[in-house]
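Hello,

I am passing along the structure we talked about, together with some notes on what turned up in it. Please open it alongside this email and follow the residue names as you read.

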Amino acid sequence: MTETSRTIRVTVNGSQRELAVESTLEALLEALGMNGQRVAVEVNEQVIPRSDYPRTTLHDGDDVEIIRAIGGG
């Protein structure tokens, strides 16, 4: 098995997802079509600043919660 074919499992908002090893939080948001949207993200109950999304590497078993910001008035 090559390094590029290995995967990890993470839980995203209660649902299991398989991702490539070394996937970042930014890559996950892109895969979900949420990159650029106003969201708040927690990984294992820790809030991740938006500036850290590109360098936050996800690991097998991580629990990710993504909350969309909804504007209104």
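How many helices and strands does the chain have? The chain has 1 helix and 5 strands, where helices (H or I, at least four residues) and strands (E, at least two) are DSSP runs numbered from the N terminus. Along the sequence, these elements follow the pattern β-β-α-β-β-β.

Before going further, a word on the source. This is a predicted model, in which local features need pLDDT of at least 70 and side-chain atom pairs count only at pLDDT 80 or more, while totals for chains, interfaces and linings use all residues. Residues are numbered from 1 along each chain as its sequence is written, and side-chain values use heavy atoms, with hydrogens and water left out.

**The whole chain**

Taken along the principal axes, the C-alpha atoms fill a box of roughly 55 × 20 × 20 Å. The accessible surface comes to about 5,000 Å², and 46% of that belongs to carbon and sulfur atoms; these areas come from the Shrake-Rupley method with a 1.4 Å probe, and for residues only the protein chains shown count as cover. Of the 73 residues, 30% count as buried. Here buried means under 20% relative accessible area, exposed means over 50%, and partly exposed is in between (1.4 Å probe, protein chains only).

**The core**

The largest nonpolar core has 17 residues. Such a core is a set of buried Ala, Val, Leu, Ile, Met, Phe, Trp, Tyr and Cys residues joined through side-chain atoms within 4.5 Å. Leu25, Val41, Leu58, Val64 and Ile66 are the residues with the most contacts inside this core. Strand E1 (7-12), helix H1, strand E3 and strand E5 (63-68) each supply at least two of the core residues.

Leaving out residues up to four places away in sequence, Val64 touches Thr11, Val12, Asn13, Leu25, Leu28, Val41, Glu42, Val43 and Leu58.

**On either side of the helix**

Thr24 lies in the loop between strand E2 (15-20) and H1. Is Thr24 buried or exposed? Thr24 counts as buried because its relative accessible area is 17%. Not counting residues up to four places away in sequence, Thr24 touches Tyr53, Pro54, Thr56, Thr57 and Leu58.

Leu32 is found in the loop between helix H1 (25-31) and strand E3 (39-43). With a relative accessible area of 28%, Leu32 is partly exposed. Setting aside neighbours within four places in sequence, Leu32 is in contact with Val12, Arg17 and Ile66. From Leu32 to Asp62 the C-alpha to C-alpha distance is 16 Å, and the two are 30 residues apart in sequence.

**Charges**

Side chains of opposite charge can pair when their charged atoms come close. The count comes to 2 salt bridges, a salt bridge being a side-chain nitrogen of Lys or Arg within 4 Å of a carboxyl oxygen of Asp or Glu.

- Glu18 pairs with Arg9, with the closest N and O atoms 3.0 Å apart. Glu18 is partly exposed at 47% relative accessibility, and Arg9 is partly exposed at 46%.
- Arg55 pairs with Asp52, with the closest N and O atoms 2.6 Å apart. Arg55 is exposed, with a relative accessible area of 60%, whereas Asp52 is partly exposed at 22%.

**Two backbone angles to check**

Most residues other than glycine have a negative phi. Which value does phi of Asn13 take? Phi of Asn13 is near 50°, a positive value in a residue other than glycine. Asn13 is in the loop between E1 and E2 and is partly exposed, with a relative accessible area of 41%.

Glu22 also has a positive phi, near 75°. Glu22 lies in the loop between E2 and H1 and counts as exposed because its relative accessible area is 58%. Glu22 and Tyr53 are 31 residues apart in sequence and 13 Å apart in space, C-alpha to C-alpha.

Key. Contact means heavy atoms within 4.5 Å.
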